Amino acid sequence: MVHESHAASEGSYLTNPKGWKSWLFTVDHKRIGIMYLLFIVISFALGGFFALALRLQLLSPVKFLFTAKQYNQLFTLHGAIMVFLFIVPSIPASLGNFMLPLMLGAKDVAFPKLNLASFYIYVFGAIFCVFSMISGAADTGWTFYTPYSTTTDTSVISMTLGAFILGFSSILTGVNFIATIHKMRAKGMNWFRMPLFAWSLYATAIIQVLATPVLAITLLLLILERTMGVGIFDSKLGGDPVLFQHFFWFYSHPAVYIMILPAMGVMSELVTTFCRKNVFGYTTMAYSSIAIAIISFLVWGHHLFVSGQSDNAAAIFSILTFLVGIPSAIKVFNWLATMYGGSINLKTPFLYFLSFIVLFCVGGFTGIMLGALSLDVYFHGTYFVVAHFHYVMMGGTVMAFIGGLHYWWPKMFGKMYSEFWGRVACFFIFAGFNMVFFTQFILGAKGMPRRYFNYLDQFQSLHAFSTVGTWVLGLGFLIMAFYLIDSLINGPPAPANPWGGMTLEWQTQSPPIMHNFESAPVVDHDPYDYKRMDG
Amino acid sequence: MAKEVVIESLMKSGSFWFPEGATSITNRVDGLFYFILAGSIILFVGICATLVYFLYKYRRTEANPVATSNITHSTILELVWTIIPLILCLFIFWWGYKDYLSMSTPPGNALEIRVIGKKWLWQFEYPKEGVKTLGELVVPVNRPIRLVMGSEDVIHSFFLPNFRIKRDVLPNRYTRLWFEAERTGNFQIFCSEYCGDAHSAMLATLRVVTEAEYKEWLKGGSGASDEPLPELGKRLYTKNACNTCHSIDGSPSVGPTWKGMYGHNVSLVDGTSVLVDDAYIKESIEKPNAKVVKGFQPIMPAYAGVMREREILALIEYMKSL
């Protein structure tokens, strides 16, 4: 399906058309994906920088580098940037934007202009977050719990307004993806011939569209309460601070699945390509994504097990929490089964696939512990929770994001990167990550509460070890930055299909032409039908 | 009472994972943890072993360039790894729920103590006995204790690691927590809901004593000691949570530093100035918002009624020594 001669004359989307204006006003999903990628990577670097800084303070049990207030601002900025600016948009807005139309055999998303609008709304929201940073950064934690957030004198409003605006970007991307998947699939590609990454983006989009408005309303109410003293959450005015937690987690728990579902989609693509084999249990994989999306709406109360909600409510939320874990477990088993009888090509993206499996399992098992009511009462608000969600979010989503980035890098930029340095960086990231966060499981189990500026002397050696881990982790990312930038300048040109992938994005040149395909692809087989190709 | 209270270490006592329990419910909670941990380790080792085995057996070589199996699914296998985790999860749910219920249902004969959380200290009141304390909760061993808790400002959370219990302390309603200590000792109390600048200094001590010691303590109250005043003051500085806002090394914090404050004039928010003498200190402890030092917020809680005369004198002596 590659039409070399014609493609060469049209040139890649990167250089045709030329000029900075052609980027800023582009409606090409690929260019929008690249611009998102740039901002997302910058946000990750910024959030990571704050993490390094706050871990540095935690080398000492007493005041060392920062004041208590600065420390509180640091962990708030770290959390808010990582959640709202990095991890929520990470995979869908960058890799998803770029790959979804290609994988469906389409020219673009359903609403290209809306797509550009989402991007600029994202930038606009990011400006508010940055403004909050330089104008007396919020010190509420990324969760903005009332009544603390309505009484602190830091710039809570600009940060929440930033998150409010970013929410619209997320909703519009979700709407766009749903329409694209319904309407833009190539001829012959029925729902069950769709790549699993597209399925996961569909499930994600459902949550984005349905849950994000609740966050928007909640943050708006918070802003109204701060500015006008409306008594929604303030008990002095007849409000209820716990109501805020219900509202907040009604979005923010499904949001966890906005973060992990696309990552699971990437995992399915990685395992099938690098094992050169169809995904085991394709239908189960597709349906389990949808199941996760639906059940994820009904588990928010597990963040409130110690807030004084009724025992019956706690029981229901606990049982539903276990239920949402089952489809995730099924996915892990299906990925493993896909490897059976495959032809495994152990390249850098697949190393991140393996890292995901190992770290996500740890995150999942500790999630089971936290879902159990009696144990949650103990672990709630300790480092155990911090370690757990980093294993899921960083060990899961970030690993899949990096894996996907390496997998699609040749397609996106038309350049290959250094396989050797890719492996070295992966080793440092995997080792550093476990040093940082496994230590925090022990800290939490020993009773160390989170968000503590000072801590008891007895915890110092564990804290110090965790901090040293952040340096190893940081080194891994530094190496990655170097070899990826180097690949853009000096990397050898990438072939159209360097890994032998089956899905449609590999059927066009690297990097793709502006309209993706020379002629509209026609699909007459399952997405991962290697049997057909390999005989 | 005069002796320094040494709090049991969370790291040094107990197992690799948990601090030493002080009540029988901890065995059940820890037991559930170990049950899940054991199951997780078995599964995790199984998954990792399968990964490594597959990576080796099915690695891409010249002899194995393409997949040898084309299996698309197996209904039996998929049912097995759906149903077995489901059953395990339901069992874990039941275990957790059962213990959660007994943790949240106090027996009728429990001794009731009121807990007030505020930025950034814990205050305890024994309503029947008419005793108030700061930063120190004293209870008799082997008797169920029921805490009725409320906050004066933002949300706090009362956390007793050795008892594996925790409950949020809210400004608009009363939450309850109960426990029965089965051994004497001094245990750590944390605030585990983020509440601002001195959140990590919002600590307190739970002293579990024998019934006789408890009666003695109630009679004597918290101020009865013959400890020398400066030493008592030094102890109260931490115990009463003065240290969360006032430094003794000259660095400004939430409140003015105590170093070199005594005997000097300070400027107040209303533009006047005042000499820091015994009278000013006593007034500032009991009615902190009467004369607030310039540059600071009027946020200090009033200690009127919770500190005895001798304790105030002790703090004055301690400040003189700085």
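**Figure 1. The two domains of chain B.** In this predicted model, chain B is divided into domain 1 (1–70 + 106–222) and domain 2 (229–320). Domain bounds come from an automatic or database domain assignment. The centres of domain 1 and domain 2 of chain B, taken over C-alpha atoms, are 32 Å apart. Across the boundary, 14 residues of domain 1 of chain B are in contact with 12 residues of domain 2 of chain B. Two residues are in contact if their C-beta atoms, placed from the backbone, lie within 7 Å. On the side of domain 1 of chain B that touches domain 2 of chain B, strand S2 (121–126) and strand S3 (131–134) of chain B each supply at least two residues. Helices (H or I, at least four residues) and strands (E, at least two) are DSSP runs, numbered from the N terminus. That side of domain 1 of chain B divides into 6 nonpolar, 2 polar and 6 charged residues. Ala, Val, Leu, Ile, Met, Phe, Trp, Tyr, Cys and Pro count as nonpolar; Asp, Glu, Lys and Arg count as charged; the others, Gly among them, count as polar.

The model is predicted: local features need pLDDT of at least 70, side-chain atom pairs count only at pLDDT 80 or more, and totals for chains, interfaces and linings use all residues. Residues are numbered from 1 along each chain as its sequence is written, while chains are lettered from A and ligands numbered from 1 in the order in which they are written.

**Figure 2. Chain B as a whole.** Chain B has 6 helices and 12 strands. Its C-alpha trace spans about 90 × 50 × 35 Å along its principal axes. Chain B has a radius of gyration of 27 Å, but a compact globule of 322 residues would have one near 20 Å. The radius of gyration is taken over C-alpha atoms, and the globule rule is 2.2 Å times the number of residues to the power 0.38. Of the 322 residues of chain B, 37% count as buried. A residue is buried if 20 or more other C-beta atoms lie within 10 Å of its own, exposed if 12 or fewer, and partly exposed in between, with C-beta atoms placed from the backbone.

**Figure 3. Two loop residues of chain B, Asn240(B) and Phe296(B)****.** Asn240(B) sits in the loop between helix H4 (229–239) and strand S11 (265–267) of chain B. Asn240(B) is buried, because 22 other C-beta atoms lie within 10 Å. Beyond its neighbours within four places in sequence, Asn240(B) is in contact with Leu134(B) and Gly135(B). Gln123(B) is 117 residues from Asn240(B) in sequence and 9.0 Å from it in space, C-alpha to C-alpha.

Phe296(B) belongs to the loop between helix H5 (278–286) and helix H6 (309–320) of chain B. Phe296(B) is partly exposed, because 16 other C-beta atoms lie within 10 Å. Not counting residues up to four places away in sequence, Phe296(B) touches Gly255(B) and Pro256(B). From Phe296(B) to Arg176(B) there are 120 residues in sequence and 34 Å in space, C-alpha to C-alpha.

**Figure 4. Where chain B touches chain A.** The contact takes 74 residues from chain B and 74 residues from chain A. On the side of chain B, the elements giving two or more residues are helix H1 (25–57), helix H2 (75–104), strand S6 (156–160) and strand S7 (165–169) of chain B. H2(B) gives the most, with 16 residues. This side of chain B divides into 43 nonpolar, 19 polar and 12 charged residues.

**Figure 5. The largest nonpolar core.** This core has 252 residues, and those with the most contacts inside it are Ile81(A), Ala198(A), Met267(A), Phe353(A) and Ile189(B). A nonpolar core is a set of buried Ala, Val, Leu, Ile, Met, Phe, Trp, Tyr and Cys residues joined through C-beta atoms within 7 Å. Helix H10 (residues 241–275) of chain A gives the most to this core, with 22 residues. Domain 1 and domain 2 of chain B both give residues to this core, so it lies between them. Leaving aside neighbours within four places in sequence, Ile81(A) is in contact with Ser43(A), Leu46(A), Gly47(A), Phe50(A), Phe86(A) and Cys129(A).

**Figure 6. Chain A and its helix H8.** Chain A has 18 helices and 0 strands. Of its 535 residues, 62% count as buried. Helix H8 (residues 156–183) of chain A has 28 residues. H8(A) is mostly covered, with 21 of its 28 residues buried.

How values were computed:
Expected span 1.5 Å × (residues − 1).
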